[in-house]
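Hi everyone, and thanks for coming. Let me put the structure up on the screen, and then we can walk through it together.

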Amino acid sequence: MISKVIETRNLTKRFGDFTAVDNINLDVFKGEIFGFLGANGAGKTTAMRMLCGLSKPTSGQGFVAGFDIARQQEDVKKHIGYMSQKFSLYEDLKVWENIRLFAGIYRTKNHEIAAKTDSVLAKIGLSSERNALVKKIPLGWKQKLAFSVAVFHNPAIVFLDEPTGGVDPVTRRRFWELIYEAAADGITVFVTTHYMDEAEYCNRVSIMVDGKIEAIDTPQHLRRQFNANNMDEVFRKLARKAERNDNG
Amino acid sequence: MIKYLIEKEFKQIFRNLIIPKIIVALPLMAMLVFPWAANHEIKNINVDIVDNDHSAYSKRLINKIAASSYFVLSCVSSDNAEALKNVESGQTDIILEIQPDFEKHLTVERIANVMISANGVNGMKGILSASYMSGIVDEFASELNSEQISTAANRPTINVVPHNLFNVFMDYKVFMLPALIVMLLTVICGFLPALNIVSEKESGTIEQINVTPVGKFAFIISKLIPYWLIGFFVLNFCLILIALVYGLTPAGNIFTIYFFSAVYILAVSGIGLVISNYSENMQQSMFTIFFFIIVMILMSGLFTPVASMPQWAQNITIINPLKYFIQVMRMIFLKGSAPPHLTEQFATLCCFALIFNIWAVLSYRKCK
């Protein structure tokens, strides 16, 4: 039996009388690349923020890396990496300084930080930008850096909120190679995206509509189930019935 | 963990294009310019004299007034009505009217009247100029007395010789400088933290921090320590400046000043951090800290003594940390007070520091 890294039971988040996340049940297994899909406003980011311990559930339960997301947020945080939709590393710090800061926060030993920084920068091809201020480097590089920072401390699971938004196809492809490498290292990947070709790269995907999970399976099974040629069609068929999103 | 966070704060502060410059410019401004501007001594009072006597004595009195450094003889009017018009038009601040037969009354009856009318729009200026004027008139009278001592019947005169304790020459700057240091520490160590956490909220970087296991206490400490060190830099910079420029050194022990500053900076930085935690954006935070700092400065006794405020206003100053630190600084600087005389202020400042910083830790929420 493969262990579950994420497990939620009727997880719900309400803001006033608006139910952003409506009774979702989700199991994500160790080493998986899990695609968390949904239209804008479907509640993906809210659900992800609850799983990361940034937001308290209104009701229901959730466990991440074995810790209760309603009560043990700080324990959850020790075992996860997170890359937010909006780039949120320090723009006024240099590339290596951002890595050093977050490595230090996760209590990486001082002498390990320098060596590991070198290997990480080599891997993402930013060795020559080591001393550049982050605000000076292009978006695609920033995203790769943010990803490296999110997995620097070898978390059990990494949450990626639209990591490839606004990035060119070549960098996007390279980014997915990084995701596969992380998964090969045993890091579970939980990723949201709007690119349906990326959904095909995932081991399993779920599709959220109006705060509920409408489908959850492997891309192959979903295509068969919805009688579609690709994930794009599956997504359209499901998202059509959405009432609260802006792009139907 | 804290080490890395503090390192990051310093890098951010020193990379900022404006903050390091302001940290140097503000003390220069406050120490070199403010003491001359924030001065309660009134000088250059425009005086209008209505001389109805035109005698030798009246001329002598006029010369005496004109020679004083407080008064400028702006005009000599022929009657009171004309002088009043000058007050209305703003050319004159005070009128001295010399009665007809001033000299005659003085020599014969040994009593003569003059009338002083001061413009009371600026109450403080009016009162002070009237009292300076009567001082000069008194002096003139006693001069006449002493000249006639041999001739006329001796009158006992009592001369009051003022002796001012602690600030012998009643130099306003000596009184203001220690308090201006406090104001400066309040502005720098209050504003910067108030803008700090909220700027991380605006740029989104706080999200990346909140998703890490960084402790709330560690986070707040890492925000406090840089401002604490900056505060010490500013304090020493000010102390050196006023020693060099004004030759003023604290009468008390400098370590007492350090000791109190250490606690005080924590208290104001704590206020800043609390405000930053509750604000959603820079505008809110800026506006709020501005409000508190203005109120704290005006109600601190910096410019106007707390003792002369109405009771309800005095009650408000009880919760003003600035008031206590200004008292302490003036006492150490001017009277050389030692810690045993300052225990009440010390205890109060410690309470403020504790309350605000515990509040800052509690109000920092990693999870909504």
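**A helix and a sheet in chain B**

Helices are DSSP runs of H or I with at least four residues, strands are runs of E with at least two, and both are numbered from the N terminus.

A word on the source: this is a predicted model, where local features need pLDDT of at least 70 and side-chain atom pairs count only at pLDDT 80 or more, while totals for chains, interfaces and linings use all residues. Side-chain values use heavy atoms, leaving out hydrogens and water, residues are numbered from 1 along each chain as its sequence is written, and chains are lettered from A and ligands numbered from 1 in the order in which they are written.

Back to α8(B): there is a bend of about 25 degrees at B:Pro178, taken between axes fitted to the seven residues ending there and the seven starting there. Of its 32 residues, 26 are buried, so α8(B) is largely enclosed by the rest of the structure. Buried means under 20% relative accessible area (1.4 Å probe, protein chains only). After the helix comes B:Gly204, with a positive phi near 90 degrees.

Now the sheet. Chain B has an open one of 4 strands, ordered β2-β1-β3-β4, with mixed pairing; two strands pair if DSSP finds at least two bridges between them. β2 (71-77) and β4 (114-118) of chain B are at the edges with a single partner strand each, so one side of each has no neighbour in the sheet.

Notes: Buried < 20%, exposed > 50% of the residue type's maximum accessible area, 1.4 Å probe, protein only.
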